[in-house]
Amino acid sequence: MLRIKQSKNSSYYTNEYGEKENYYDKESKGFWLGSAKEFLGLKDELTIDEYNKLFKGQSPNGKNLTYQTGKHRTYDLTLSCNKDVSILKAAYPQLADTIDKITLNAAKETLQEAQKFIAVRETKNGVTTKNFETNSVFGTFHHSTSRELDPQEHYHNLLMPLSFNSKGKAYANDVSKLFKNQKYLGNIFQKSIARELEKQLGLKTVFNEKGLSRIIGINKEERDYFSKRKEQIEKLAGDNASYRDKDLASLASRQTKKDYDLSKLQENWNKELQQKFGFNEARLQSMRNKPVETKKADLLQSKSANLDNRTTRQISIFKNIAKLSKVKPRGISSKSVASFSSSSREQLHNSIAQLQASLGSIQAQLSSMRQEDPNRLQVFSQFLSLGFQLQELQQQLAELQRKELEKAIEQNKESEKTKGRERTRFDRSPKDR
């Protein structure tokens with residue numbers, strides 16, 4: 001899961017904040033991530049002095065990087081692992097290093113993708129444009145506890161307020177597109193963790209219709225027991241609360257973390273998980289052997305093994321809207337997705353162009369309809385259906401291009417190997433041949 005919010009206090013994550021939070025010393029000394037490290041001459045480990053200066057828009061040597069230094073905004077991109085990952089790490093300390101590497105690499109992968117949505121505004125000949133070919137830097141802090149001192153693995157990634165273009169010139173960030181892709185980036189984080197958990201530890205993960213991931217073999221009772229902060233927020237926000245309602249409830253109920261000893265906490269978590277819930281070696285082995293099929297009560301069953309979880313959620317949303325508008329669901333289906341995957345590049349381009357034209361036509365129709373028109377909801381559901389199809393086709397095209405690029409890279413590698421063998425063969429003396 002990804003949450004993005006503005007961060008106004010640079011010392012909130014460092015020991016300069018004092019005894020109230022003391023994040024910097026408690027759990028993570030912090031480190032720098034992002035392609036702008038080379039422009040700023042930063043090493044991997046974060047220092048408080050560098051951090052405080054960059055937070056204000058200054059270079060590590062104190063130089064103002066733009067004329068608006070101090071007026072720019074820093075944003076905290078908080079990547080939270082699902083509760084099951086936190087429970088797994090607490091239950092099996094011998095897996096902690098592997099789990100930390102998996103979650104850190106997932107955070108790096110997500111931030112690399114997030115870079116595509118961070119722009120700078122450049123003005124040339126009186127015309128201002130957004131440039132997304134940027135280089136940013138993140139001050140990252142890895143924490144393992146919630147405010148209620150439950151196990152909760154998460155990464156605070158502080159996007160410093162300036163990014164650089166390809167020529168190394170600094171500008172203030174434009175993050176509007178970053179917010180629009182918040183859920184997409186959160187999914188990348190979860191899927192990266194799920195992929196590596198299965199690859200490295202043999203543990204399978206499934207996603208429910210809301211896109212939330214769960215590790216097979218950990219049940220609802222266990223995750224609820226270690227989710228006191230979540231229970232607190234949901235109780236305050238009420239039933240059917242939106243993400244915004246929950247964020248407001250989170251802020252309203254947020255208390256300063258109590259003083260704690262992390263190693264002692266981890267020891268207590270481990271004891272509870274072993275004694276109360278039976279997390280031993282035998283259970284770990286049984287989790288590795290569990291099939292993907294799980295109880296419906298856990299909401300973990302995947303609707304189709306052939307569909308991407310993102311597509312599954314889109315189908316669910318469309319069906320709900322179609323039900324409201326009292327029309328028969330049409331559009332994305334398992335069969336149509338399967339046909340997309342076998343399409344050629346040219347077919348995909350043609351289909352995308354046709355869908356874009358149809359969407360434009362329906363959008364114009366919606367604009368001309370009155371809000372109270374009884375047919376408006378039906379037209380809107382058709383518009384959504386085509387939008388989901390377009391999104392899926394664009395995803396298929398991107399995947400096709402990625403595979404073609406990988407194939408080209410492999411062919412180039414093989415070609416270089418062949419050339420190398422030929423050079424070696426002809427460089428040998430006649431006696432050696």
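**Core packing and a buried asparagine**

Residues up to four places away in sequence being set aside, Leu88 touches Ile99, Leu197, Leu203, Ile215, Leu284 and Met287, contact meaning heavy atoms within 4.5 Å. The model is predicted, with local features requiring pLDDT of at least 70 and side-chain atom pairs counted only at pLDDT 80 or more, whereas totals for chains, interfaces and linings use all residues. Residues are numbered from 1 along each chain as its sequence is written, and side-chain values use heavy atoms, with hydrogens and water left out.

Leu88 is, with Leu77, Leu178 and Phe279, among the four residues that touch the most other members of the largest nonpolar core, which has 45 residues; such a core is a set of buried Ala, Val, Leu, Ile, Met, Phe, Trp, Tyr and Cys residues joined through side-chain atoms within 4.5 Å, and buried means under 20% relative accessible area, computed with a 1.4 Å probe on protein chains only. Another core, of 14 residues, lies apart from it and includes Trp32 and Met160.

Asn165, in the loop between strand 8 (162–164) and strand 9 (170–174), where strands are DSSP runs (E, at least two residues) numbered from the N terminus, counts as buried at 7% relative accessibility. The side chain of Asn165 forms a polar contact of 3.0 Å with that of Glu122, a polar contact being a pair of N or O atoms within 3.5 Å, of which, within protein, one must be able to donate a hydrogen and the other to accept it, while residues adjacent in sequence count only if both atoms are side-chain atoms. The Asn165 side chain also reaches the backbone nitrogen of Lys167 at 3.0 Å.

Methods
Buried means under 20% relative accessible area, exposed over 50%, partly exposed in between (1.4 Å probe, protein chains only). Helices (H or I, at least four residues) and strands (E, at least two) are DSSP runs, numbered from the N terminus.
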